[in-house]
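Open the model in your viewer and keep the selection panel at hand. The stops below say what to select next and what is there.

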Amino acid sequence: MDRIIVRANGELNGSIPISGAKNAALPLMIASLLTSKKLVLENVPRLADVASLMRILSNHGTDHQIKGKQPGQSELSGQTIVFKAKNIVDTTAPYELVSKMRASFWVIGPLLARMGEARVSLPGGCAIGTRPVDLFIESLEALGAEISIENGYALAKAPEGLKGTTYRFPKVSVGATHVMMMAATLAKGTTVINNAAREPEVVNLAECLNAMGAKVSGQGTRTITIEGVKKLHGATHRVVADRIEAGTYAMAAAMAGGDVTLTDVESGLLKTTLDVLEQAGITIEKGENSIRIMRKGTPILPVKVSTEPHPGFPTDCQAQLMALMLKAEGISEITETIFENRFMHVSELARLGAKIALDGQKATITGVDSLAGAPVMATDLRASVSLVIAGLVASGETEIHRVYHLDRGFESLEEKLRNVGANIERVSE
Ligand code: EPZ
């Protein structure tokens with residue numbers, strides 16, 4: 001297995017292109033199951049999770065064709081992929097595939113809407129929590145589906161098709177909002193989703209569905225309305241920029257100091273993240289489609305933050321912010337309110353000399369003057385990159401094991417950081 005070695009190398013300077021969002025690409029790819037026509041997705045990131053989902057979709061009968069590099073494109077620019085599910089040949093999503101990438105559970109919505117049935121393995125928990133699917137089941141039953149759980153599979157049926165409904169999520173769920181919205185596009189009548197997720201990736205999916213002939217409105221607010229239609233056609237749609245990747249590199253630049261511009265990303269996608277960085281004493285300049293991050297010798301100031309559903313501070317940037325706070329001048333507090341076990345990076349950061357006290361869902365970080373490199377282990381996708389951020393300023397070498405977690409969500413991470421002056425390399429074990 002590969003490992004990544006990071007050595008402190010002073011400030012970061014230059015520009016980093018931001019890729020298409022993993023958490024938008026996945027639901028957009030799944031939406032291709034809703035039509036027998038071509039769905040062309042642009043700006044798709046080159047990620048392990050995208051590759052895994054392509055395998056799962058082909059299991060259902062989706063063909064995909066990855067367009068070659070177009071003139072003027074660098075290998076860091078997003079890829080264009082054409083998806084076409086002419087016929088659904090199998091409505092089962094097997095355990096061996098779903099257990100590898102939990103978002104593949106989301107195929108249950110389009111399969112049910114298009115085929116009237118779906119047999120999808122329950123995704124099971126993961127490192128950050130049990131990850132139940134009760135909200136998916138409840139919201140699809142509200143659309144008229146009959147769902148039973150047998151031998152670790154969700155068996156869903158809607159022989160007469162789905163019927164529009166009004167449903168209120170008892171808690172905000174990004175995935176369950178995606179799935180209910182997709183299923184409702186082909187239901188008979190109108191569906192109103194209350195307490196819907198407001199993430200930009202939900203907005204990106206709604207806009208893609210509308211390009212395919214659906215009638216979705218209210219995306220980006222807590223109330224989404226979908227008027228069912230008979231069929232959806234093909235479309236061409238661009239994957240929105242990855243606000244989590246952008247927030248991650250913003251924190252890396254803030255940690256090392258310097259002057260880094262993030263390109264191909266609209267700052268409004270990560271407003272709260274940037275507000276928190278400004279509270280931490282970081283200088284932020286918002287361009288048309290770029291964000292400039294600067295810290296020249298000024299201190300990192302402590303902050304007090306709770307993760308919240310969008311537009312609040314994203315849980316997917318919690319570990320990265322914690323890494324930044326390791327060297328703040330003072331005591332910071334980070335409370336994780338979305339997942340029950342998303343502090344696994346704490347023990348790994350402590351190996352680098354971090355001072356972090358945990359009290360349930362609250363982490364208290366006491367800033368230290370210096371960190372010292374050590375071998376550490378990546379435990380989940382976002383925790384792994386917090387180790388890279390800490391390694392940028394730790395003396396000696398920080399050696400990160402199990403980097404396959406990183407490859408799930410960060411495209412060409414070493415190259416993007418090396419291009420702005422980081423000393424980072426990947427070695428194969
Ligand atoms: C999406 O996961 C993202 N994944 C996660 O990013 C992200 O952390 C999360 O949203 C929150 O923003 C993708 O988009 C592929 P949820 P999702 O349903 O949809 C509970 C990353 O690092 N819940 O919004 O699975 C759940 O346990 C990943 O890219 C239920 O109780 O998250 C959690 O506590 C990690 N029952 C809370 O809701 C359900 O049926 C929010 O989860 C569903 C969820």
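Start with the open sheet of 4 strands in the order E10-E11-E13-E12, where the pairing is mixed. Helices (H or I, at least four residues) and strands (E, at least two) are DSSP runs, numbered from the N terminus, and two strands pair if DSSP finds at least two bridges between them. The edge strands are E10 (166-168) and E12 (215-217), each of which pairs on one side only. From one strand to the next, the twist averages 15 degrees. This is a predicted model in which local features need pLDDT of at least 70 and side-chain atom pairs count only at pLDDT 80 or more, while totals for chains, interfaces and linings use all residues. Residues are numbered from 1 along each chain as its sequence is written, and side-chain values use heavy atoms, with hydrogens and water left out.

Select E10 and E11 (residues 190-194): they pair in the parallel sense over 3 bridges. Arginine 168 has asparagine 194 in E11 as its bridge partner.

H6 lies across E10, E11, E12 and E13 (223-227), and runs at about 170 degrees to E11. Axes are lines fitted to C-alpha atoms, for helices over the stretch in contact, and angles run from 0 to 180 degrees between N-to-C directions.

In contact (heavy atoms within 4.5 Å) are Val174, Thr177, His178, Met181 and Met182 of H6 with Glu201, Val202, Leu205, Ala206 and Leu209 of H7. The residues of this contact divide into 7 nonpolar, 2 polar and 1 charged. Here Ala, Val, Leu, Ile, Met, Phe, Trp, Tyr, Cys and Pro count as nonpolar, Asp, Glu, Lys and Arg as charged, and the others, Gly among them, as polar.

Move to the open sheet of 4 strands in the order E6-E7-E9-E8, also with mixed pairing. E6 (92-93) and E8 (146-150) stand at the edges with a single partner strand each, so one side of each has no neighbour in the sheet. Which way do E6 and E7 run? E6 and E7 (residues 117-121) run parallel, joined by 2 bridges, and alanine 93 stands opposite valine 120 in E7. E7 pairs with E9 (residues 153-157) in the antiparallel sense over 5 bridges, with arginine 119 opposite leucine 155. E8 and E9 run antiparallel and are joined by 5 bridges; the partner of isoleucine 149 is alanine 154 in E9.

Zoom in on the hairpin of E8 and E9, which has 2 residues between the strands: asparagine 151 takes a positive phi near 50 degrees there. Asparagine 43 also has a positive phi, near 65 degrees, and its place is in strand E3 (residues 38-44).

For the ligand, display the 23 residues around it, of which Asp134, Leu135, Ser173, Asp316 and Ile338 come nearest. A backbone N or O atom of leucine 135 lies 2.7 Å from a ligand oxygen atom. A polar side-chain atom of lysine 22 lies 3.0 Å from an oxygen atom of the ligand, and asparagine 23 likewise places a polar side-chain atom 3.0 Å from a ligand oxygen atom.

Finish at the peptide bond from histidine 310 to proline 311, which is cis, with omega near 15 degrees. Proline 311 lies in the loop between strand E18 (304-306) and helix H10 (318-325).

Key:
A residue is near a molecule or strand if one of its heavy atoms lies within 4 Å of it. A polar contact is a pair of N or O atoms within 3.5 Å; within protein, one must be able to donate a hydrogen and the other to accept it, and residues adjacent in sequence count only if both atoms are side-chain atoms.
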